[in-house]
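Subject: Handover of a structure and notes on its features

Dear colleague,

Please find below the structure that I am handing over to you. My notes follow it, and I would ask you to read them with the model open.

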Amino acid sequence: MPQIEVTEASSIVGELGRPQNFGWAKLPFFTFDRGLLTAPRRRMGESDRYVLMSPSHTVVFEILDDGYQGYMWASVISFKDKKRSTHVLRTPFSLGSFNMPSDSEAGSIKLKHRKDFLNFAVMDKGIRIIKVDIPKFSRGLSLRGEVVLIPPPDSQSLATNMPWRADAGAFCCSRRSPCYSVEGVIQLGTTELTFMRDSGWGIFDWNRGVRPRKDLRFWAAGSGLFAGRQTAFSVGHSSADSSHGTENAFFLDGALHKLDQVTFHLPSRRLAPWRFTSNDNRLEMTFTPKQERDENYQIFLYSLKRRQLFGSFSGRVTLDSGDEFEFRNIAGFAERRKSRL
């Protein structure tokens, strides 16, 4: 079945509460109204995640409402001293209490628990601001700061809306935008993590939907500057039905080049290189991990396991024009996520 490109605003939930309008888009055309859903709130999953990268550090912020369990994650991964620190705030039975925006282009999320504070805000022209203040982040150190994510002019995103073959009520609508430049300072204790234009890069990951009982998901993304051009990508696959539109695209100077299926060739050894190939022979790349982190959470019948690796990507891609573009040492990450309800 050919991939279906959506080119106008389309509701992903019908009047009877069933998912609809499956496919992919270059802009966030999919509209989400959780009030139309008939699925129980405990099965709804909503998340906003930002991955910020500099030559020395990767910083990850995520707010996730998974129904049974809500999370606020903040992680700092250092490539120089090979240290990693994570702070997790868990909220059992969050069930929509985070008030996540239904639109990826507007709104804000503010989470405050005692003295911990995390804010994601969307401004005019697609600019995004992250503010964080966690007095006791890790090892007695605080994490404080503010960064601004700026998209290139007329930048595109990869938006997908996918169903599950074995669960008619389950679906996942996502938006992956890996083309931000990042400016600002985040202070870890007395160490300043500085993000500057042309050396600071950001990836935005937005997801809304109804979870299946079980899901296994792989995702990899990267962003950076190569040969004077902003180079980025987002590739992935899961147990969802991607026949209407895959989660795979390459971005050059903010313009999207759509890819078909991408295979993750996983190594048998930890921190060994990963290899990626596409069935249309348009993408070949290698991921060299430098750091990793694992998560494993469970409450009652709900569980979430995730392994994340951080490093750099090199390879080649055939653009929509037919031209071939080679890239090296683009910063990014890859992950394996398994959930059960």
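Is Phe-300 buried or exposed? The structure is a predicted model, and in it Phe-300 has a relative accessible area of 61%. Residues count as exposed when this value is over 50%, and therefore Phe-300 is exposed. Phe-300 lies in the loop that links strand E22 (283-299) with strand E23 (302-318). Together with Phe-93, Leu-95 and Leu-301, Phe-300 forms a nonpolar patch on the surface. The accessible area of these residues together is about 450 Å².

I turn next to the sheet. Strands of a sheet pair through backbone hydrogen bonds, in either a parallel or an antiparallel manner. Here, nine strands make up an open sheet with antiparallel pairing, in the order E19-E18-E17-E16-E24-E23-E22-E21-E20. At its edges are strand E19 (255-258) and strand E20 (262-265), each of which pairs on one side only. From one strand to the next, the twist averages 25°. Within this order, strand E16 (residues 214-226) and strand E24 (residues 324-340) are joined in the antiparallel sense over nine bridges. Arg-217 has Arg-337 in E24 as its bridge partner.

Most residues other than glycine have a negative phi. Asn-21, however, has a positive phi, near 55°. Asn-21 sits in the loop between strand E1 (10-11) and strand E2 (23-25), and its relative accessible area of 37% makes it partly exposed. Asn-281 is not a glycine either, and its phi is positive at about 60°. The loop that holds Asn-281 runs between strand E21 (274-278) and E22. Asn-281 is exposed, as its relative accessible area is 56%.

Finally, I would point out Arg-18. Where is Arg-18 placed? Arg-18 belongs to the loop between E1 and E2. With a relative accessible area of 43%, Arg-18 is partly exposed. Which residues does Arg-18 contact, if its neighbours within four places in sequence are left aside? They are Ile-12, Val-13, Ala-168 and Gly-169. Gln-308 is 290 residues apart from Arg-18 along the chain, and the C-alpha atoms of the two are separated by 33 Å.

Yours sincerely

Conventions:
Residues are numbered from 1 along each chain as its sequence is written. This is a predicted model: local features need pLDDT of at least 70, side-chain atom pairs count only at pLDDT 80 or more; totals for chains, interfaces and linings use all residues. Side-chain values use heavy atoms; hydrogens and water are left out. Patches are made of residues with over 30% relative accessible area and no salt bridge: like charges are joined within 9 Å, nonpolar side chains (Val, Leu, Ile, Met, Phe, Trp, Tyr) within 5 Å. Accessible areas come from the Shrake-Rupley method with a 1.4 Å probe; for residues, only the protein chains shown count as cover. A salt bridge is a side-chain nitrogen of Lys or Arg within 4 Å of a carboxyl oxygen of Asp or Glu. Helices (H or I, at least four residues) and strands (E, at least two) are DSSP runs, numbered from the N terminus. Buried means under 20% relative accessible area, exposed over 50%, partly exposed in between (1.4 Å probe, protein chains only). Two strands pair if DSSP finds at least two bridges between them. Axes are lines fitted to C-alpha atoms, for helices over the stretch in contact, and angles run from 0 to 180 degrees between N-to-C directions. Contact means heavy atoms within 4.5 Å.
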